[in-house]
Amino acid sequence: HSLHDNTYLRFFTGHTAPVLSLSVSPKDDVFASAAADETMRTWDLRVPGCLGVLRFPGSGRRPAVSFDPEGLVLAAGVGGNQVKLFDLRFASKGPFATFSVPGEPRDFASICFNFDGKLMLVGTAQGAAVSIDAFKGTELQTFRGHANKMGLPLEACFSADGAQVMSGSEDGKIWRWRTHDASLVAAQAGHRGPVTSVKCNPTRQLVASAGEEAACGCLLSGSAAAPLPDRTEF
């Protein structure tokens, strides 16, 4: 989609069910998608057809995908409780690592890395986000408290410096916890309805959130305990 003149430039077809997760490589024109058809596909923005397909049949759970900060590793949350890591150069050989996320099977709302690629964060539709050691696969912290009685896929992310974890909430708030101990920093109101997506700019203190009624851009102050300022709707 062109932001210059608001026109569609290319359609990427191949999935046979709704696309649930997208991730763009931070280094080149490659992106990845995961869909309800239980497949993950990789694409090049310059080519209409997909570059490759990975299948995860039989789970019936919502998947999620994400590139690491170097654009070399692709993480896929699949099967309700598994995180698979792929080297993009040899993706056809399968994952080079598979981690099990403890607890009951979950629907993955999101998966992402922190700025140095040492941690991963899984957002779920079961009212919790989970941080994982990206090398050992061990669960580090579970972030709870945000409302999600409807079982919405609430995305979660790290702040730019990795010191905080953020997630949307069913009650229209953006929740923030300290990464190292999962203690709550703030739950800041910003939307009139559920906040399903929260993203942090990787280099600036800027947070963008999206809900069912509007998008909202918020400037994150340098103080970890300070609330987010008033919203700007788009």
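Colleague: Which residues line the second largest pocket?
Modeller: This is a predicted model. In it, the second largest pocket is lined by Phe12, Gly14, His15, Val19, Leu22, Val24, Phe31, Ser33, Trp43 and Leu45.

Colleague: Which elements give two or more residues to that lining?
Modeller: Those are E1 and strand E2, residues 30-35. E1 gives the most to the lining of the second largest pocket, with 3 residues.

Colleague: How do the residues of that lining divide into nonpolar, polar and charged?
Modeller: The second largest pocket has 7 nonpolar and 3 polar lining residues, and no charged ones.

Colleague: And how much space lies in the second largest pocket?
Modeller: About 260 Å³.

Colleague: Now the largest pocket. How much space lies there?
Modeller: About 780 Å³. The largest pocket is lined by 28 residues. Closest to its centre are Ser66, Phe67, Cys112, Phe113 and Cys200.

Colleague: Which elements give two or more residues to the lining of the largest pocket?
Modeller: Strands E1 (19-24), E5 (64-67), E9 (108-113), E13 (156-158) and E17 (195-200).

Colleague: How many of the lining residues are charged there?
Modeller: The lining of the largest pocket has 3 charged residues. Another 18 are nonpolar and 7 are polar.

Colleague: Let's switch to secondary structure. How many helices and strands are there in the protein chain?
Modeller: The protein chain has 0 helices and 20 strands.

Colleague: Pick one pair. In what sense do E7 and E8 pair, parallel or antiparallel?
Modeller: Antiparallel, over 4 bridges. Strand E7 covers residues 82-87. One of its residues, Leu85, has Ala97 in E8 as its bridge partner.

Colleague: Why would side chains alternate?
Modeller: Because in a regular strand the side chains alternate between the two faces of the sheet.

Colleague: Back to the whole chain. What radius of gyration does the protein chain have?
Modeller: It has 17 Å. A compact globule with 234 residues would have a radius near 17 Å, so the value agrees.

Colleague: What does the C-alpha trace span along its principal axes?
Modeller: About 45 × 45 × 35 Å.

Colleague: What share of the residues is buried?
Modeller: Buried residues make up 48% of the 234 in the protein chain.

Colleague: Last one, on contacts. What share comes from residues 24 or more positions apart?
Modeller: Those account for 37% of the contacts with a separation of 6 or more in the protein chain.

Definitions and conventions. Residues numbered from 1 in each chain as written. Predicted model: local features only at pLDDT ≥ 70, side-chain atom pairs only at ≥ 80, totals over all residues. Heavy atoms only, no water. 1 Å grid on protein atoms, 1.4 Å probe; cavity = no way out; pocket = protein on both sides within 12 Å on 5 of 7 lines; lining within 4 Å. Points joined across faces, edges and corners; volume = space filled by probe spheres on them. Nonpolar A, V, L, I, M, F, W, Y, C, P; charged D, E, K, R; others polar. Pairing = 2+ DSSP bridges. Rg over C-alpha atoms; globule rule 2.2 N^0.38 Å. Buried < 20%, exposed > 50% of the residue type's maximum accessible area, 1.4 Å probe, protein only. Contact = heavy atoms within 4.5 Å.
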